[in-house]
Amino acid sequence: MPTTILQVKDLKTYFYTAEGVVKAVDGISYEVREAETVALVGESGCGKSVSALSIIRLVQYPGKIVGGQVLFDGEDLLQASEDKMRSIRGKRIGMIFQEPMTSLNPVLTIGEQIAEPLRVHLKMDRKAASQRVVELLQSVGIPDAERRYRDYPHQFSGGMRQRVMIAIAMSCDPKILIADEPTTALDVTIQAQLLDTMTEIARRMNTSVILITHNLGIVARYADRVNVMYAGRVVESAGADSIFESPKHPYTLALLQCVPRIDVGRSQALSTMEGLPPNPNEMPKGCYFQPRCPYSTSVCEQEYPPLEQAGYGHMAACFNKR
Ligand SMILES: Nc1ncnc2c1ncn2[C@@H]1O[C@H](COP(=O)(O)OP(=O)(O)O)[C@@H](O)[C@H]1O
Ligand SMILES: [Mg+2]
């Protein structure tokens, strides 16, 4: 049994807005084991990014982590000091986000930006850092690394910039890599190449990956285990094979019926599913998926179903499991 290296327990992150409290992440639990890729999947707005930002404590105002635990390395990160968090982010936990949010600094060379975590976290001197930067650039498949090292971000394509982001995220040999929709902004042919590179490096360095995506094609190809999220909660959790072979939750079933294929048009969102997720300010009574669910019965309108065993290593929160 591989070691568990991260445990998210009943994590709750709420936004305190003028319209009321938005329960963006409303009690999610899952774990990440050594060297595996765990996917968080669900429609836009279901709380994937907020849950990832909560792990590294980068939730922005008016958001606030209001409950739960994030156990990593024998410590609850939600209780750790800000100094401790700074030493974990970018070192023990690497991060890659969808482009616009993390764009590289336009006035610094690629080399300087990859060297920064090496100098800050690993205290490497300039020479050692330069050498390591070239190796990192090579390992993420950037040709002619010794020359490109001195280039600026605008001299790189979107796909190449995301490769640089992978190099930065992996520079300090993290235990976990959080990849939040790392390829959503990219052309579909580039997406697969980038994800191949990312997962290959993670495997080589024995790094676990939390892969956030709304694309089940990507999940099928890269994830070992899957947590399906809906309206701030995990509704189904299982091995990737199990999710695709025998989905238990009607929401997962619906997602699978409109699965975008990685080899066809660029990430057709899951919006082909009927209806919309609930308005976070007026969550339905009972199961949050019930208003959209073809299998809903009267109990579903009254109570939120518990996440319970639905097969070997398989959990689902539904009164009418498939
Ligand atoms: N700054 C904010 N103010 C208010 N609500 C927010 C804010 N950021 C996120 N949320 C809420 O959190 C929910 C989850 O957002 P997010 O985690 O970004 O979704 P995902 O990554 O799954 O698309 C959103 O649907 C929204 O209701
Ligand atoms: Mg997101």
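Which domains does the domain assignment of the protein chain give? There is domain 1, covering 4-92 + 172-316, and domain 2, covering 100-171. Keep in mind that this is a predicted model. The pLDDT averages 93 over the protein chain, and 94% of the residues score at least 70. Be careful with residues 263-271, though, where the pLDDT is below 50. In the model, this stretch has 13 contacts beyond near neighbours in sequence.

Taken over C-alpha atoms, the centres of domain 1 and domain 2 are 28 Å apart. Their contact involves 15 residues from domain 1 and 14 residues from domain 2. On the domain 1 side, helix 8 (residues 188-204) gives the most, with five residues. By class, that side of domain 1 has eleven nonpolar residues, three polar and one charged.

**A pair of helices**

Now look for helix 4 (residues 110-122) and helix 7 (residues 158-170), whose axes lie 8 Å apart. They pack at an angle of about 25 degrees. Angles under 35 degrees count as roughly parallel, so helix 4 and helix 7 are roughly parallel to each other. The crossing of helix 4 past helix 7 is right-handed.

Here are the residues that make this contact:

| Helix | Residues in the contact |
|---|---|
| Helix 4 | I110, Q113, I114 and P117 |
| Helix 7 | V164, A167 and I168 |

Sorted by class, the contact of helix 4 with helix 7 has six nonpolar residues, one polar and no charged ones.

Methods
Residues are numbered from 1 along each chain as its sequence is written. Chains are lettered from A and ligands numbered from 1 in the order in which they are written. This is a predicted model: local features need pLDDT of at least 70, side-chain atom pairs count only at pLDDT 80 or more; totals for chains, interfaces and linings use all residues. Domain bounds come from an automatic or database domain assignment. Two residues are in contact if their C-beta atoms, placed from the backbone, lie within 7 Å. Helices (H or I, at least four residues) and strands (E, at least two) are DSSP runs, numbered from the N terminus. Ala, Val, Leu, Ile, Met, Phe, Trp, Tyr, Cys and Pro count as nonpolar, Asp, Glu, Lys and Arg as charged, and the others, Gly among them, as polar. pLDDT is the predictor's confidence in each residue, from 0 to 100. Axes are lines fitted to C-alpha atoms, for helices over the stretch in contact, and angles run from 0 to 180 degrees between N-to-C directions. Angles under 35 degrees count as roughly parallel, over 145 as roughly antiparallel, 65 to 115 as roughly perpendicular and the rest as oblique. A crossing is left-handed if the near helix is turned anticlockwise from the far one by less than a right angle, and right-handed if clockwise.
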